[in-house]
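Visitor: Hi! Could you walk me through a protein model?
Guide: Happy to, let's bring it up.

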Amino acid sequence: MATDLATIPTIEQAWRSLTSVEKPRAEYYLGKASRAIRRRWPDVDQRILNPNDYLTADDVSDVVVQMVLSAVDVPPVRGAKSFSEGVGPMSRSATLLAGSTNPTEIHGWMVEVFEGRSAALPVFHSPPSGNYEGLLIWPEGRC
């Protein structure tokens, strides 16, 4: 079994101390996020160990921590676009940019960490012209 690409202490440094209810959930999602990254980039472990590669263990850990936080720090309703809560005179509300139901979804900035670019580049193919340029010249322009 491969080790997780981040740790509980790293998550706690990035966020806060986890409760006894959150720790088992975070441990599960650490494994799930690590497996998702290894499925998409099977050479990630070798790249981390390669001193000539720009990818470091800290870079990968940053990605995994964000994936785990999106699974542990969730709104009360899964996949919600917004939520609010109040306790006494205090209240807070938030509108989420994306309500994905997959907390370990790989976002564009994560791809950029691994591949150096954030999105797939467009690919364009066009057939050869076939010498039809003359059709585009109006009769007034012909000599």
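Visitor: So what does the secondary structure of the protein come to?
Guide: There are five helices and two strands. Keep in mind that this is a predicted model.

Visitor: And in what order do the elements run from the N terminus on?
Guide: The order is α-α-α-α-β-β-α.

Visitor: Okay, now two helices. At what angle do α2 and α4 pack?
Guide: The angle is about 135 degrees, and the axes lie 9 Å apart. Helix α2 covers residues 22-40, while helix α4 covers residues 57-72.

Visitor: Why is α2 called oblique to α4?
Guide: Because of that angle of about 135 degrees. An angle has to be over 145 to count as roughly antiparallel, and roughly perpendicular stops at 115, so this one is oblique.

Visitor: Which hand does the crossing of α2 and α4 have?
Guide: It is right-handed.

Visitor: Which residues make the contact?
Guide: From α2, they include Glu22, Arg25, Tyr29, Leu30 and Ile37. From α4, Val63, Val64, Met67 and Val68 are among them.

Visitor: Switching topic: how much of the whole protein is buried?
Guide: Of its 143 residues, 27% count as buried.

Key. Residues are numbered from 1 along each chain as its sequence is written. This is a predicted model: local features need pLDDT of at least 70, side-chain atom pairs count only at pLDDT 80 or more; totals for chains, interfaces and linings use all residues. Side-chain values use heavy atoms; hydrogens and water are left out. Helices (H or I, at least four residues) and strands (E, at least two) are DSSP runs, numbered from the N terminus. Buried means under 20% relative accessible area, exposed over 50%, partly exposed in between (1.4 Å probe, protein chains only). Axes are lines fitted to C-alpha atoms, for helices over the stretch in contact, and angles run from 0 to 180 degrees between N-to-C directions. Angles under 35 degrees count as roughly parallel, over 145 as roughly antiparallel, 65 to 115 as roughly perpendicular and the rest as oblique. A crossing is left-handed if the near helix is turned anticlockwise from the far one by less than a right angle, and right-handed if clockwise. Contact means heavy atoms within 4.5 Å.
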